[in-house]
Amino acid sequence: MSAEVEGLQAALRAEHSAVWAYGIVGATVALESRAAIRDVDAAHRARRDELADLILLRGADPEPSEASYELPFPVGDTTAAFRLAAQLEAGVAEGYAFAVSQADSQRAKGFCLTGLTDAALRQTTWHQLAGIAPASPEFPGL
Amino acid sequence: MPEMRQADCKTPAVIDSRLSRRTLLLASATTAAAAGLGTGLTGCEADPAEPDAQAEAAIEPLTPVLIAQQDLLASYEQTFDAFPELAVALAELRTQTAAHTEALVAAAPGAAAQVGAASSSLAPSSTQPVPAPPPVTDVATARLALRRVVDAAAGRLGAAALRADGDLAALLGSCAASTACHARLLG
């Protein structure tokens, strides 16, 4: 497997876990935040599918999602759900940063750079909503 | 450190299209030394008929980025001096920007040396005054002006990440992403 494919698989694994865990986030947050969570969930699903396509185009099989994932802490209220969402985005940023470091093609690198920035922006939003300071990650993904 | 990829011999990919005035001055100042200076670039012979290309080839790939980062830090300082209330609210953004700059300096010592040389060599020759921007008189306008500068910096870092390889690409991408968050917070 090429380094670029390994990087894309890492990003895909992060997207898989995000898609799974945003289901928990969406079920936990207050009603007024659910539409925003749905939008983010849809964005992650779209990027997951694009990553799978990029991997297929390189002649490899995209890694499947796990059946379930372990939550890092109990998620019982809206604030905890935002904290989880921020942590998910940090993980996604990590996957994309690794993928950037492994990318050979401009297409894969550009795709992963966008994913890295989007994850950092969402992490900032969730930090703000959870009251976590500083809101912006200093070195997202690293 | 991984080297930047050179995509095109006529238009060196390492040169940001939005070069600052200082960068262009740096390019002129280093033209004479171009022949003996290692650039980290391979695969292209500089055309003697193209002095601009020679000057650009003498610049380390990250030099324009580091100069822009220094300009960004200066913009924070100027804004904080004029509006101390923003210094409290935005101190963390400035701190993170300084951390980005330090990390980039550590990742590209050659570029950092060029930036230092440019700063010292350009100082005495600044005989042509730069038109001052219109004075900013309120906090909201100052914040908006700073946001524009930060937004541009995020774009510049992202473009540099696209041209870089390996761990350096990831570092530049991370700095770009963090800076994009700063722009969001300023907006």
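Two residues are in contact when their C-beta atoms, placed from the backbone, lie within 7 Å. The model is predicted: local features need pLDDT of at least 70 and side-chain atom pairs count only at pLDDT 80 or more, while totals for chains, interfaces and linings use all residues. Residues are numbered from 1 along each chain as its sequence is written, and chains are lettered from A, ligands numbered from 1, in the order in which they are written.

**View 1. Surroundings of V100(A).** Neighbours within four places in sequence are left aside here. From chain A, V100(A) is in contact with K109(A), C112(A), L113(A) and L116(A). From chain B, A161(B), A169(B), A170(B) and G173(B) are in contact with V100(A).

**View 2. The largest nonpolar core.** A nonpolar core is a set of buried Ala, Val, Leu, Ile, Met, Phe, Trp, Tyr and Cys residues joined through C-beta atoms within 7 Å. A residue is buried if 20 or more other C-beta atoms, placed from the backbone, lie within 10 Å of its own, exposed if 12 or fewer, and partly exposed in between. The largest core has 70 residues, of which Y96(A), V100(A), C112(A), L116(A) and L172(B) touch the most other members. At least two residues each come from α1 (3-28), α2 (34-57), α3 (78-102) and α4 (106-130) of chain A, and from α3 (63-82), α5 (109-122), α6 and α7 of chain B. Of these elements, α3(A) gives the largest share, 13 residues. Helices (H or I, at least four residues) and strands (E, at least two) are DSSP runs, numbered from the N terminus.

**View 3. The side of chain B that touches chain A.** Here 22 residues of chain B are in contact with 22 residues of chain A. On the chain B side, α4 (84-107), α6 (139-163) and α7 (166-186) each give two or more residues. The largest share, 15 residues, is that of α7(B). By type, this side of chain B holds twelve nonpolar, seven polar and three charged residues; Ala, Val, Leu, Ile, Met, Phe, Trp, Tyr, Cys and Pro count as nonpolar, Asp, Glu, Lys and Arg as charged, and the others, Gly among them, as polar.

**View 4. Helix α4 of chain B and its kink.** The 24 residues of α4(B) reach 33 Å from first C-alpha to last, close to the 34 Å expected at 1.5 Å a residue (1.5 Å times one less than the number of residues). A kink of about 65 degrees is centred on L90(B); the bend at a residue is the angle between axes fitted to the seven residues ending there and the seven starting there. L90(B) is buried, and the other buried residues of α4(B) include L86(B), R94(B), H100(B) and L104(B). Cover for the buried residues of this helix includes α3, α6 and α7 of chain B.

**View 5. Helix α3 of chain B.** With 20 residues, α3(B) reaches 29 Å from its first C-alpha to its last, close to the expected 28 Å. Its buried residues include T63(B), P64(B), Q69(B), Y76(B) and T79(B).

**View 6. D118(A) in chain A.** D118(A) lies in helix α4 of chain A. This residue counts as buried because 20 other C-beta atoms are within 10 Å. L57(A) is 61 residues away along the chain, and its C-alpha atom is 23 Å from that of D118(A). Chain A has four helices and zero strands, and 49% of its 142 residues are buried.
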